[in-house]
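Biologist: I am new to this structure. Please walk me through its chains, its metal site and its charged pairs.

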Amino acid sequence: MTAQIPSAPLVMEARGLVKRYGQVTAMDGADFELRPGEILAVIGDNGAGKSSLIKALSGAVVPDEGQIFLDGKLVHFRSPIDARKEGIETVYQDLAVAPAMTIAENLFLGREILRPDPFSRFFRVLDKKKMHDEAVRHMQGLQFAIKSMSQPVETLSGGQRQGVAVARSAAFARHVVIMDEPTAALGVREGNMVLDLIRKVRDSGLPVILISHNMPHVFEIADRIHVHRQGKRAAVLNPKNISMADTVAVMTGALSPEALSADMLA
Amino acid sequence: MTAQIPSAPLVMEARGLVKRYGQVTAMDGADFELRPGEILAVIGDNGAGKSSLIKALSGAVVPDEGQIFLDGKLVHFRSPIDARKEGIETVYQDLAVAPAMTIAENLFLGREILRPDPFSRFFRVLDKKKMHDEAVRHMQGLQFAIKSMSQPVETLSGGQRQGVAVARSAAFARHVVIMDEPTAALGVREGNMVLDLIRKVRDSGLPVILISHNMPHVFEIADRIHVHRQGKRAAVLNPKNISMADTVAVMTGALSPEALSADMLA
Amino acid sequence: QSSQPVIGLITKTDTNPFFVKMKEGAQKEATRLGAKLLTAAGKTDGDNAGQVAAIENMVAAGAKTIMITASDSKAIVPAIAKARAAGVMVIALDTPTEPASAVDALFATDNYNAGLLIGQWAKKAMGNKKAVIAAMDYNPGQPVGVLRHNGFLAGFGVKGITPTMLTQVDTSVVCSQNSFGDQAKGQTAMENCLQKNPDINLVYTINEPAAAGAYQALKAAGKEKDVLIVSVDGGCAGVRNVEAGVIGATSQQYPLKMAAMGVTAGVNYAKTGKKVSGYTDTGVNLITNKPVSGVKSQDGKYGLANCWGQ
Amino acid sequence: MTSPPISEKGRMGFRAPSLTTLGPLIALLLACIFFATQSDRFLTSQTLSLVLSQISFVAVIAIGQTLVILTAGIDLSCGFIMALGSIVMTKFAVDYGVPPFLAILCGLAVTTAIGALNGLLITRLRLPPFIATLGMLGIVQAITLIYSNSQTVSGLPNTLNFLGSTFKILGTPFTYGAVLMLLLFGVAWFFLTRTAPGRHVYAVGNNPEAARLSGIPTTKLLISVYAIAGLLYGIAALILVGRVGAGDPNAGQTENLESITAVVLGGTSLFGGRGNVLGTLLGAVIVGVFRVGLTLAGVNSIYQVLVTGILIILAVATDQFSRRKA
Amino acid sequence: MTSPPISEKGRMGFRAPSLTTLGPLIALLLACIFFATQSDRFLTSQTLSLVLSQISFVAVIAIGQTLVILTAGIDLSCGFIMALGSIVMTKFAVDYGVPPFLAILCGLAVTTAIGALNGLLITRLRLPPFIATLGMLGIVQAITLIYSNSQTVSGLPNTLNFLGSTFKILGTPFTYGAVLMLLLFGVAWFFLTRTAPGRHVYAVGNNPEAARLSGIPTTKLLISVYAIAGLLYGIAALILVGRVGAGDPNAGQTENLESITAVVLGGTSLFGGRGNVLGTLLGAVIVGVFRVGLTLAGVNSIYQVLVTGILIILAVATDQFSRRKA
Ligand SMILES: Nc1ncnc2c1ncn2[C@@H]1O[C@H](COP(=O)(O)OP(=O)(O)OP(=O)(O)O)[C@@H](O)[C@H]1O
Ligand SMILES: Nc1ncnc2c1ncn2[C@@H]1O[C@H](COP(=O)(O)OP(=O)(O)OP(=O)(O)O)[C@@H](O)[C@H]1O
Ligand SMILES: [Mg+2]
Ligand SMILES: [Mg+2]
């Protein structure tokens, strides 16, 4: 195990997470540590259990075993609502958007902007104009060429849809941002925009968990790299002191983490 | 226009394709040329109209205007069945799998293996065992760590699902293979497997159209690069003579194709 | 054209042959007298709201006389009152309203009486054999079913029967099932009753399709000879079943007559402004080929000559 | 054949969503023109009043049904819940001498509770809505008939009849029940399009997983939807009582099919998440216009069934054509 | 609450697919044990024979309904198509003197054609299946009643009655109709699980867009499915005729709800693409067992409605619990 005791308190920590689906064990005693204000990349083969891990961290899946700590306190997320209440925002790999609803509605789903008057607060009347304007603002940050915020999401191209999910998480996080392959469907320009956005989030003080298969992106942006292999954490690497080739070797199992020098670990 | 008259006859050619969705013009007079035995990369911003273009080429969308030629003959694809009959196989960006059905069934959907006896041929009885074995063979080529071919696709991870779609297209193509971001959700190892597969397909003599946002992949494998911009072809580049940075500049519009030297074009 | 009297006929449903015949009778009479007939029906038996809407629509269409077989004899009353207030003469057919005074006139047979007759006949026909009775009833809540069922029991000599409530006082009724007034469902109900108690020897059925279904079940069990079936309606198919020995006795009613009388009254009202009033019993006759003493009956020939059908 | 838009599950390839109520409106207009040629009594304010008051209770049920269907559910028990509601209200007032207003509240409470029970079965026991409400259909029907002893409750105090009474606009009487129905459509439209919970109803039907992941309390929302639907069935019961002037234990037999028909005619998808409650109003009006129009045209009742079937198909076909052109 | 599996649209959060028929089977066993304690006549081969022959025609309709529902459709017209089929067969044979065998073929041809017409309306005019078959319901019912003049057709030649006749197994008579029904389930099971077009039925219901893109001729497939369903309704008509011994214009009024109930009880999803035709058989048997069992237990018919409602809910709840544990 390469888990180390960091000096700063951990923002999120998980110990021994297990999740089984019938025959398949998606997580097999996974550990996890997230430090304050860092960008932690999570990498691993397809089916390694990365999405399962972050689903457990965001309350979308309740693990069969193991514990999750937030700021050192044991938490039990029974649903995504619990995690959201703690200010944890997530971009899921399968995007979790309502295709028939508009971009603006999807951005604000579950936390709509209400009109301020008492009647509206009581009946939870939407401030459509404000939602529209805010949506324009958030999406402009990403410079996607989207015509109208009142377009249903199902009319968007694959990358544009991903942009909506990313903008949503960045706009509302107060504690931790989790992104499961946010740049997978993005073009070069749009992918860079998202990297910029992630940096901006980090600079505002929030830690970011970034799952990605794009090694150049990972090395460009990550402070530490969590390598996931066969349902558990194989190592945590320091991108400043290890090459991309070695990282990939660890990830695929060609290189054993024990063979790495101490400064390569993080 | 940078379209050139190639010496070898074109396998696929499109002229002036237009497709409008209400207000949005997804294709705005797009041209397209595919040469025999080449790997043609199609790149472009999100929403540039790449998927719309290949949907027109594969019969999934009927363009409002324009013509498509296959081996120099004008064709009118009214449905994907027409294109399939011509031996054109496609991996769609949104994968087009039936999630409740098994991997083996999805691989053979629409061209199941039947038992050879006359009764079975008449009633189109499946050869389940052969389908299973063939599925194992095809998927092994990609080395995805999938336990069972009789697992429903909905239980697979994002990347594993993409593997199923890729394996399907490679297994059945006889004329042209079209892949819309086949490596988007794939890990490093799996992504390289797919690149190998694409090379193998090319080496067997079939031309491949590859849509990708992954520039290293594109430069690693493409013979020519079709740059799509705002619904039409902006340029066709020769990856041997142009840098990745210039390519991205052309793609994003920072560099005008006219400013390129002739050897950069293809 | 506008002087042509418009007469409306609202039946419970369109599916029951009883009402189909009623409509035919009305149409024939209307054609003969040069009146225009409007027809409407509830979607199912018990569809009071549909009948209320039909009354309104017929008033809007200019009907001056409306004949109705009420699905719900109480709930229809306010709608009838509104129509009458608009100057429409309303005649209840087959089923009386509650109160009966809610309509101008009633042309009907007494369903309770129809049940009574077959009950009395069955009592005599059974002699001193101990009756083990199965009842093939109608949808719970439909008054016709209750009236016939209770009439039958009263006629059979069971004490304490009231006309309005489905009474389960008599233990000799070993099985009481909903036949939906339908042949296939009556057959199913009878099969299950036989499985419950194979000693059943008397079957009361709400109508003749149910009786045919019950007979089919008995025949399959090889019991058709030992079991007596009684029914109500007197349709041609039913009377033929009486002739064939399938049904022991049936109470015959006269829907064609009711409808024809209604149309005549309607045309009269349009011409002279004179309404009909009161209760006209169009009569019930017990049809059987095995008459018993003390119960007045007609034979199958009479039944066929007066049946409502081809 | 044009291609369907980029679609999750591509469902729209077979049933395009109605985002407008234009299609049903065209169908309605065509039907009106047709009936106007058949009877000179058709194009009168009287007909309008008749249609509105005849559809009033089914239309109110259909509002509840719209909410349920938007969540990708279905409610087969709606009609019998209404019947039970009508019996509770009237029996409490007439037989037990409860003050009419209180009796109405009791009726509404019962129907709301049964609706909530539907929601509980669907969310907590995870029953498919079809099964949960089918089971409830039998239970509620039996309770209604047993409780009422299959007897109509009449002799109602005026308060209970109120919604059946009329007021005149330009000489034509309209019922208060019809007005209440129109009002409820307005409220439902406002709720569904202008409030957060209303949008959540769409989200849950469109992609329940996304709704859950977005932090929408889907279980609570679904239970509320079925409970509100129950409340609406109770209001429908009150309108029915006012219209008929009695509590009717045999009501409600056809209302499930009729209400679903109104919803689907109005362009709401049975797969949830797509639709419009004003379309439902149009759907209900179309059916009502068919009924009045065919009677005015003097069509024999059995042929009315035939023609209504044809007209329903034509109405939606018109809708599809108008959409394909757009 | 466990999380639903990775799911397109996450539909399974609310309605888990039945990939086994275990759940309904447990429910059936529990019901049988219960009824056995209520009546010592329940656990006899006679009861089995009764259940099988009573459900035979609804079960055959439910096979067609299963096919339709697997494609994410629904068929409301099934019962009336059967009724029309029974009238055509019997009238042709009795009134027009057509040879019985030919009369049967005519009946089957008519029901198949109407089924195909449903399919055409759904695919060519793009009507939602609910609307197309609802319209067809009215049309077919009216035609049946007009054509038959609402009169039962009796006096049938033996050939038409054949499926109602019985043979004995260990002294208990079983009808040929019940055997045919079981046979058809076997054929349907083979078709759906072992043949290419059978799998395409699932694919079209599961993801119509993927099916289309995979080169499955979805339009042709859907039309065939509705036509085959029509053929099955025709066969159901023949079984009905054999059972009742007459052509019955009033048949079919409850069969749409009953057949859908059997399908859903059997674990097939109304959203298409997931299910099992043997589950449908179990669903139909469960309903049949309830009916016989409750009669044997001497339950009053109105209480039967109540208890059946409760049992349906319990049956599926058992199913859900058994699945959650697995
Ligand atoms: N069915 C549709 N309805 C409406 N608009 C559509 C539809 N399909 C595509 N579009 C629009 O057409 C444009 C081009 O879409 P397309 O999917 O072809 O882009 P792309 O180049 O493949 O993008 P990406 O790289 O993000 O996949 C986008 O703006 C998209 O919103
Ligand atoms: N709901 C489920 N039911 C069954 N198996 C599942 C389910 N969810 C995940 N799995 C299995 O668990 C394993 C881990 O899946 P997961 O999605 O966490 O992988 P991943 O690391 O995110 O892969 P990718 O990079 O391809 O997204 C896979 O083998 C997958 O098949
Ligand atoms: Mg993943
Ligand atoms: Mg694309």
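Modeller: Start with one term: contact means heavy atoms within 4.5 Å. The model is predicted, so local features need pLDDT of at least 70 and side-chain atom pairs pLDDT 80 or more, while totals for chains, interfaces and linings use all residues. Residues are numbered from 1 along each chain as written, chains are lettered from A and ligands numbered from 1 in written order, and side-chain values use heavy atoms, without hydrogens and water.

Biologist: How far apart are the nearest C-alpha atoms of chain A and chain C?

Modeller: No contact joins chain B and chain C, whose closest C-alpha atoms lie 36 Å apart. Chain A and chain C do not touch either. Their nearest C-alpha atoms are separated by 35 Å.

Biologist: Which chains share the most contacts?

Modeller: Eight pairs of chains are in contact. One contact takes 63 residues from chain D and 63 residues from chain E. The pair with the most contacts is chains D and E.

Biologist: What area do chain D and chain E bury between them?

Modeller: The size of an interface is often given as the accessible area lost when the parts come together. Buried area here is the accessible area (1.4 Å probe) that two parts lose on being put together, summed over both. Carbon and sulfur atoms carry 72% of it for chain D and chain E. The total is about 5600 Å².

Biologist: Which helix of chain D gives the most to the side that touches chain E?

Modeller: Helices (H or I, at least four residues) are DSSP runs, as are strands (E, at least two), numbered from the N terminus. Several helices of chain D each supply at least two residues to that side, including helix 10 (218-244) and helix 13 (301-325). The one that gives the most, with 14 residues, is helix 5.

Biologist: How many residues on that side of chain D are nonpolar?

Modeller: Ala, Val, Leu, Ile, Met, Phe, Trp, Tyr, Cys and Pro count as nonpolar, Asp, Glu, Lys and Arg as charged, and the others, Gly among them, as polar. The side of chain D that touches chain E has 15 polar and nine charged residues. Its nonpolar residues number 39.

Biologist: What is the closest distance between N and O atoms in the salt bridge of B:Glu105 and E:Arg199?

Modeller: Here 26 residues of chain B are in contact with 24 residues of chain E. They bury about 2200 Å², 62% of it from carbon and sulfur atoms. The count between these chains is two salt bridges. For B:Glu105 and E:Arg199 the closest N and O atoms are 2.6 Å apart.

Biologist: Which residues coordinate the magnesium ion (ligand 4)?

Modeller: Donors are N, O and S atoms within 2.8 Å of the metal (3.2 Å for Na, K and Ca); water is not among the atoms, so sites may look incomplete. The coordinating atoms, OG and OE1, lie at 1.9 to 2.0 Å. They belong to B:Ser51 and B:Gln93.

Biologist: Is B:Ser51 buried or exposed?

Modeller: Buried means under 20% relative accessible area, exposed over 50%, partly exposed in between (1.4 Å probe, protein chains only). B:Gln93 has 24% and is partly exposed. B:Ser51 has 19%, so the class of B:Ser51 is buried.

Biologist: How many residues apart in sequence are the parts tied by C:Asp233 and C:Arg148?

Modeller: These two form a salt bridge, with closest N and O atoms 3.5 Å apart. C:Asp233 lies in strand 9 and C:Arg148 in helix 5 of chain C, so the pair ties together parts whose separation in sequence is 85 residues.

Notes: Salt bridge = Lys/Arg side-chain N within 4 Å of Asp/Glu carboxyl O.
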